[in-house]
Amino acid sequence: MTSLTLESTNQTLATAGIRLRLSQKGLAVVSKVPLFAKALEYCTNNAKARDDVLSIIGHYKEQPDLVFVADKPQGQPMLDAAPAQNNMDTPPPRQPRPVAQSKPVQQSTINQPAPARTVAHPNAPAAKHQEPAGGQHQVDTEKRNFVGHHVYGRHSALYFAYDETRGGNATIAVDGAMSVATRQYNWNQKLRIQITRSDLPSVAAVMFGLLPKVELTNYGADNTKRLMIENQGKNYFVNMSAKDHHQIAVPISASDVYEIRSLFLAQLMKNRPEIGVEGILANLKCHAAMLKQA
């Protein structure tokens, strides 16, 4: 889709069974989200793309000058929120386990200089379970939009997904699982790290190429969980570890980084929608510059 017009965009939303409509001002805002144009192009015949469109537009549902709800037509069911998904490419819900009541604050370490393919599999990670992080409790809700991206390596796999803390902050959770056979991964014994809101900008800065590396430590109930993400030029490298758990190491290609980067940008916008995409990117640059001087 090379260009977006208000008439064609709203017609596509109607064809996809989406009740939400955009004003001219709203179209100008959502068009700046990197994922929107691509998701809109495929939303009429791809459930995941339609959910991505709903998620992006849904950020602005409380701003009627940007987004409004159309009258429900006859025939096709209409949606004004992304439905909970339960397919092979997205995690099914599962019961939460108790979380710790208090923990030391996580630490992020930013260092200066320093073939995966996304396919569906029958053992997708369960995104329902939340990990406590940073002394904060995380939330489990029955209505959760499972939007994320898988990356598969030879010995392990990763799943980056939208998540939300108990305090209502948008963030990203990273699941890692070991391979048990060709293209099969043990998601039932995954290693999960939910990035805290305070660490989210630092990880995003690495994903946007503003910092070379980030390392998060003191995560998990026993403070042994660790996540390292490094920009190695032609690809990124992710390493996850925890006590009594296999180390997970996965390279990430440029195309996968693009998808993951979009997830981070969308979550940052949920926390600060009033400053827009340009404000988020400018803020990330300032954040990275401060960390380089630390």
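α5 passes α6 in a left-handed crossing. This is a predicted model, and that crossing is the place to start.

**Stop 1: the helix pair.** Select α5 (200–207) and α6 (residues 254–271). Two packed helices are described by the angle between their axes and the distance between the axes. Here the angle is about 145° and the axes lie 10 Å apart. Show side chains next. From α5, look for Leu-200, Val-203, Ala-204 and Met-207. They meet Val-257, Ile-260, Arg-261, Phe-264, Leu-268 and Asn-271 in α6. By class, this contact has eight nonpolar, one polar and one charged residues.

**Stop 2: α5 on its own.** Keep α5 selected and colour by accessibility. The helix is mostly covered, with seven of its eight residues buried. Those residues are Leu-200, Ser-202, Val-203, Ala-204, Ala-205, Val-206 and Met-207. Now step past the end of the helix. Gly-209 follows α5, and its phi is positive, near 75°.

Stop 3: Is Thr-196 buried or exposed? Its relative accessible area is 6%, so Thr-196 is buried.

**Stop 4: His-149.** Select strand β4 (residues 148–152) and pick out His-149. With a relative accessible area of 11%, His-149 is buried. Which residue does the side chain of His-149 join in a polar contact? The partner is the side chain of Asp-256, at 2.7 Å.

**Stop 5: Asn-10.** Move to helix α1 (residues 6–15), where Asn-10 is found. Asn-10 has a relative accessible area of 14%; the cut-off for buried is under 20%, so Asn-10 counts as buried. Its side chain reaches the backbone nitrogen of Leu-22 at 2.9 Å. Leaving aside neighbours within four places in sequence, Asn-10 is in contact with Arg-21 and Leu-22.

Stop 6: Select Asn-45, in the loop between α3 (34–42) and α4. Asn-45 is exposed, with a relative accessible area of 64%. Thr-15 is 30 residues away in sequence, and 9.6 Å away in space from C-alpha to C-alpha. Then extend the selection to α4 (residues 47–58). Its twelve residues, at 1.5 Å a residue, should span 16 Å. The end C-alpha atoms are 16 Å apart, which agrees. The buried residues of α4 include Asp-51, Asp-52 and Ser-55, and also Ala-49, Val-53, Leu-54, Ile-56 and Ile-57.

**Stop 7: two positive phi values.** Most residues other than glycine have a negative phi. Arg-183 has a positive phi of about 60° although it is not a glycine. It lies in the loop between β6 (170–181) and β7 (184–185). Arg-183 is partly exposed, with a relative accessible area of 44%. Now select Asp-244, whose phi is also positive, near 60°. Asp-244 is in the loop between β11 (236–242) and β12 (245–252). How accessible is Asp-244? Its relative accessible area is 76%, so Asp-244 is exposed.

**Stop 8: Met-178.** Return to strand β6 and select Met-178. Met-178 is partly exposed, with a relative accessible area of 22%. Which residues does Met-178 touch, not counting those up to four places away in sequence? They are His-155, Ser-156, Gln-184, Tyr-185, Asn-186, His-246, Gln-247 and Ile-248.

**Stop 9: α7.** Finish in helix α7 (residues 276–293) and select Ala-289. Ala-289 is partly exposed, with a relative accessible area of 35%. The C-alpha atoms of Ala-289 and Leu-210 are separated by 8.3 Å, and the two residues are 79 residues apart along the chain.

Definitions and conventions: Residues are numbered from 1 along each chain as its sequence is written. This is a predicted model: local features need pLDDT of at least 70, side-chain atom pairs count only at pLDDT 80 or more; totals for chains, interfaces and linings use all residues. Side-chain values use heavy atoms; hydrogens and water are left out. Helices (H or I, at least four residues) and strands (E, at least two) are DSSP runs, numbered from the N terminus. Buried means under 20% relative accessible area, exposed over 50%, partly exposed in between (1.4 Å probe, protein chains only). A polar contact is a pair of N or O atoms within 3.5 Å; within protein, one must be able to donate a hydrogen and the other to accept it, and residues adjacent in sequence count only if both atoms are side-chain atoms. Axes are lines fitted to C-alpha atoms, for helices over the stretch in contact, and angles run from 0 to 180 degrees between N-to-C directions. A crossing is left-handed if the near helix is turned anticlockwise from the far one by less than a right angle, and right-handed if clockwise. Contact means heavy atoms within 4.5 Å. Ala, Val, Leu, Ile, Met, Phe, Trp, Tyr, Cys and Pro count as nonpolar, Asp, Glu, Lys and Arg as charged, and the others, Gly among them, as polar. The expected span of a helix is 1.5 Å times one less than its number of residues.
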